[in-house]
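The stops below each begin with something to select.

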Amino acid sequence: MIEGALGLAEGSNDVDLVIRVRLHVATLRSQHGDRDGSISLNERTAELAAASGDKLGRMMALLSLGEDAAILRRFGYAEESVLCRSP
Amino acid sequence: MQLSFAASAMQRRACSAGVLRTAEELGDTFYEAAARVNLGILNVVKGDMGHAAKDFRAALVPATQLRSTYPVVSCLDGLAAAEREDETGRAALMLAVSDSLRLRTGPPRSPAEEQMYEPYFTILRKRLDCTGREKR
């Protein structure tokens, strides 16, 4: 359903709506294990937000892109390269 | 789209640094705390504990202002891991406070947090006896 909402938002001329819906969809994709889909959407969102001068939207997208570690903390995704390191 | 860890870590660092810049510009303490915690975690993963401790200490200021437990315990865990070598007593205190806050207010460490920090915490706990005093 949310992917359908994304399609509708993308078809509108409302950039703010597109950015907000994309951020939600990216989070949901990440929660459902579609990490590449989430990253790709967040990258496009960060670009769109930068182009439209939406600092908060860009910051939200960048936070998601930058926080694989935080995603690990929230959702327990295993990333071997991060978790294999021992002190 | 799977990046090597080094490339992916660089990207994450660049993104978190970007978030930090904007958060400071907008005066947004939540994003500032989140970005600094993420930078600290990247340094822990890299093994750069000096910079990690600096990041977590800096994150603790906005995290405390948020009056929310999760950002604070994230900082305390990071500080305990980062300071375990040089400041064993203080690191143990950070860990104890984090454990206590988590027990009292709910946010447990996720399985990933456990995996990431437990090796550091195990070393720390081994250095301490059951009364919390440092072993000589």
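Select α4(B) and α5(B): α4(B) passes α5(B) in a left-handed crossing, meaning that the near helix is turned anticlockwise from the far one by less than a right angle (clockwise would be right-handed). Helices here are DSSP runs of H or I with at least four residues, strands are runs of E with at least two, and both are numbered from the N terminus. Helix α4 covers residues 69–82 of chain B and helix α5 residues 88–105 of chain B; their axes come within 8 Å and cross at roughly 150°. That makes α4(B) roughly antiparallel to α5(B). Axes are lines fitted to C-alpha atoms, for helices over the stretch in contact, with angles from 0 to 180 degrees between N-to-C directions. Angles over 145 degrees count as roughly antiparallel, under 35 as roughly parallel, 65 to 115 as roughly perpendicular and the rest as oblique.

This is a predicted model, in which local features need pLDDT of at least 70 and side-chain atom pairs count only at pLDDT 80 or more, while totals for chains, interfaces and linings use all residues. Residues are numbered from 1 along each chain as its sequence is written, and chains are lettered from A and ligands numbered from 1 in the order in which they are written.

Now show the residues between the two helices. On the α4(B) side, B:T69, B:V72, B:V73, B:L76, B:D77, B:L79 and B:A80 meet B:A91, B:M94, B:L95, B:V97, B:S98, B:L101, B:R102 and B:T105 in α5(B). A contact requires C-beta atoms, placed from the backbone, within 7 Å. By class, this contact of α4(B) with α5(B) has ten nonpolar, three polar and two charged residues. Ala, Val, Leu, Ile, Met, Phe, Trp, Tyr, Cys and Pro count as nonpolar, Asp, Glu, Lys and Arg as charged, and the others, Gly among them, as polar.

Next, select B:A59, in helix α3 (residues 49–65) of chain B. Is B:A59 buried or exposed? B:A59 is buried, with 26 other C-beta atoms within 10 Å; the cut-off for buried is 20 or more such atoms within 10 Å, for exposed 12 or fewer, and partly exposed lies in between. Beyond its neighbours within four places in sequence, B:A59 is in contact with B:A33, B:R36, B:V37, B:G40 and B:C75. Moving to B:C75, its contacts under that same exclusion are B:V37, B:F56, B:A59, B:L60 and B:A63.

Finally, select B:R67, in the loop between α3 and α4 of chain B. With 8 C-beta neighbours inside 10 Å, B:R67 counts as exposed. Its phi is near 55°, a positive value in a residue other than glycine.

Zoom out to end: chain B has six helices and zero strands, and buried residues make up 42% of its 136 residues.
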